[in-house]
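Here's a walk through a protein model, one piece at a time. Keep the sequence and the 3D view open while you read.

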Amino acid sequence: SYPASDKQFVGMLGMHGSVEANMAMYNCDVMINIGARFDDRVTGKLDAFAPGSRKIHVDIDPSSINKTISVDIAVIGDAASVLEDMLKAWKGRSVDQKALKKWWDQIAEWRKVDCFKYDQPKAGPIKPQHAIHRLWELTKGMDTYVTTDVGQHQMWAAQYWHFDEPN
């Protein structure tokens, strides 16, 4: 739901996610989960999941709150309404620009790992990562639909197709 072309996009979390997304989650002060599960492919070891963070979980289904990860603040409600209310509450608050810059500088360091880098030989088989990324490049700006089955190719699509639109 967040555009991959935005400079603040850090990628997918979890065992198939980016270094920068996972390190940002692990090291964050406050985590806001809106309508998502704390799935084992995202959390890994539960007792080591973002240990220093305050966790806020927003979900319309009360049974999803504290199901896997204990949260500090539970908000039961429709995501759109809750986000509207949160934005109203935060509007006008000051931001520590120095701390924010330091945080984004740290994320830039984690990005340097370039965990999705691969080598595509000039001759020989086409790597699936290359095929997916190349298809994305060739269809940018088109009304494109991407479908996958489950499995590794689903992860490659999530990693190498830079989605800018939801659904």
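What you're looking at is a predicted model, where local features need pLDDT of at least 70, side-chain atom pairs count only at pLDDT 80 or more, and totals for chains, interfaces and linings use all residues. Residues are numbered from 1 along each chain as its sequence is written, and side-chain values use heavy atoms, with hydrogens and water left out.

With contact defined, take Thr139. This residue is found in helix α5; helices (H or I, at least four residues) and strands (E, at least two) are DSSP runs, numbered from the N terminus. Setting aside neighbours within four places in sequence, Thr139 is in contact with Thr144 and Trp161. Is Thr139 buried or exposed? Its relative accessibility is 18%, so Thr139 counts as buried. The cut-offs here are under 20% relative accessible area for buried, over 50% for exposed, and partly exposed in between, with a 1.4 Å probe and protein chains only.

How do the strands join up? Two strands pair if DSSP finds at least two bridges between them. β1 and β2 run parallel and are joined by 5 bridges; Met31, for instance, has Lys55 in β2 as its bridge partner. β2 is mostly covered, with 5 of its 6 residues buried.

Last stop, the aromatics. How many aromatic pairs does a search of the whole structure find? The count is 5. Rings of Phe, Tyr and Trp (its six-membered ring) pair if their centres lie within 6.5 Å; planes under 30 degrees apart count as stacked, over 60 as edge-to-face and the rest as tilted. Phe116 and Tyr160 make an edge-to-face pair, 5.9 Å centre to centre with 65 degrees between the planes. This pair links distant parts of the chain, 44 residues apart: Phe116 sits in the loop between α4 (97-111) and α5 (128-139), and Tyr160 in helix α6 (residues 152-160). Tyr160 is buried at 7% relative accessible area, while Phe116 is partly exposed at 22% relative accessibility. Tyr118 also pairs edge-to-face with Tyr160, at 5.6 Å centre to centre and 85 degrees between the planes. Phe116, Tyr118 and Tyr160 form one aromatic cluster.

Notes: Contact = heavy atoms within 4.5 Å.
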